[in-house]
Amino acid sequence: MANILSIQSSARNSGSHSRALSQKLIDQLTVGGDHNIAKRDLADHPSLLDENWLTANWTASGERSQAQNDVLAQSTTMIDEVKAADILVIGVPIYNFSIPGALKAWIDLIARAGETFKYSENGPKGLLEGKKAYLVVTSGGVPVDSPVDFATPYMRHVLGFIGIDDVEVIGADGLVMNEQESLAKANEKIAELATAA
């Protein structure tokens with residue numbers, strides 16, 4: 001039984017291609033199996049880092065006040081969700097050549113030293129090894145993995161930084177000009193990945 005975490009960052013709840021394709025992928029991955037599915041909808045506006053958060057984060061865990069633990073509570077919950085997951089399905093609509101602000105806020109909240117990565121004499125080391133991530137990347141015009149796509153390589157790098165190196169990309173780009181063709185290719189990739197899973 002696999003634990004799947006769906007992380008959705010589209011500002012749209014209806015009519016979102018990244019949400020629809022992510023759900024289709026999850027449906028395919030769970031055919032004929034017993035899975036736990038957790039959902040984190042970033043349209044609910046995760047907190048942004050501020051001075052209080054940074055101070056709490058860099059205070060040793062045993063020395064934090066209750067107020068500091070409260071400041072870190074959302075971050076800790078999100079980290080626990082990722083730690084519990086075997087598979088992450090992340091909806092990544094490309095906004096202005098990069099990721100949505102809500103997804104960046106989530107990354108800032110989960111990338112915590114001592115929790116998801118650690119510093120060693122050889123540099124940072126990710127602590128979340130053994131997980132698989134699917135990036136469902138959608139774009140109205142920017143070609144996925146092109147020189148002007150700053151979303152996909154950034155997400156690969158961030159996931160690798162916290163130890164998740166097994167990353168598959170399902171891209172649906174050029175949706176403004178060729179929506180049907182783009183979605184057909186994405187659905188074909190989903191079917192291939194689900195068969196191989």
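Reader: Between which two elements is the loop that holds Asp 145?

Author: This is a predicted model, in which local features need pLDDT of at least 70, side-chain atom pairs count only at pLDDT 80 or more, and totals for chains, interfaces and linings use all residues. Residues are numbered from 1 along each chain as its sequence is written, and side-chain values use heavy atoms, with hydrogens and water left out. Helices (H or I, at least four residues) and strands (E, at least two) are DSSP runs, numbered from the N terminus. In those terms, the loop with Asp 145 lies between E6 and H6.

Reader: Is Asp 145 buried, partly exposed or exposed?

Author: Buried means under 20% relative accessible area, exposed over 50%, and partly exposed in between (1.4 Å probe, protein chains only). The relative accessible area of Asp 145 is 43%, so the residue is partly exposed.

Reader: How far apart in space are Asp 145 and Gly 171?

Author: In sequence, 26 residues separate Asp 145 and Gly 171. In space, C-alpha to C-alpha, the distance between Asp 145 and Gly 171 is 8.8 Å.

Reader: What is the order of the strands in the open sheet?

Author: Two strands pair if DSSP finds at least two bridges between them. E1 (residues 2–8) and E3 are parallel, with five bridges, and E3 is joined to E6 (residues 132–138) by seven bridges, also in parallel. The edge strands, E2 (35–41) and E7 (166–172), each pair on one side only. The open sheet of five strands, with parallel pairing, therefore has the order E2-E1-E3-E6-E7.

Reader: Which residue in E3 is the bridge partner of Gln 8?

Author: Ser 6 stands opposite Val 89 in E3. For Gln 8, the bridge partner in E3 is Gly 91.

Reader: How many residues of strand E3 are buried?

Author: In a regular strand the side chains alternate between the two faces of the sheet. On one side of E3, Ile 87, Val 89, Gly 91 and Pro 93 are buried, and on the other Leu 88, Ile 90 and Val 92 are buried too. For E3 (residues 87–93), the count of buried residues is seven of seven.

Reader: What kind of aromatic pair do Phe 117 and Tyr 119 form?

Author: Rings of Phe, Tyr and Trp (its six-membered ring) pair if their centres lie within 6.5 Å; planes under 30 degrees apart count as stacked, over 60 as edge-to-face and the rest as tilted. The whole structure has two aromatic pairs. In the one formed by Phe 117 and Tyr 119, the ring centres are 5.3 Å apart and the planes stand at 85 degrees, so the pair is edge-to-face.

Reader: And what kind of pair do Phe 117 and Phe 161 form?

Author: Phe 117 lies in strand E4 (residues 117–120) and Phe 161 in helix H6 (residues 152–161), so their pair ties together parts that are 44 residues apart in sequence. The ring centres of Phe 117 and Phe 161 are 4.6 Å apart with planes at 50 degrees, so the pair is tilted.

Reader: How do H5 and H6 run relative to each other?

Author: Axes are lines fitted to C-alpha atoms, for helices over the stretch in contact, and angles run from 0 to 180 degrees between N-to-C directions. Angles under 35 degrees count as roughly parallel, over 145 as roughly antiparallel, 65 to 115 as roughly perpendicular and the rest as oblique. The axes of H5 (residues 101–110) and H6 come within 12 Å and cross at roughly 15 degrees. H5 and H6 are therefore roughly parallel.
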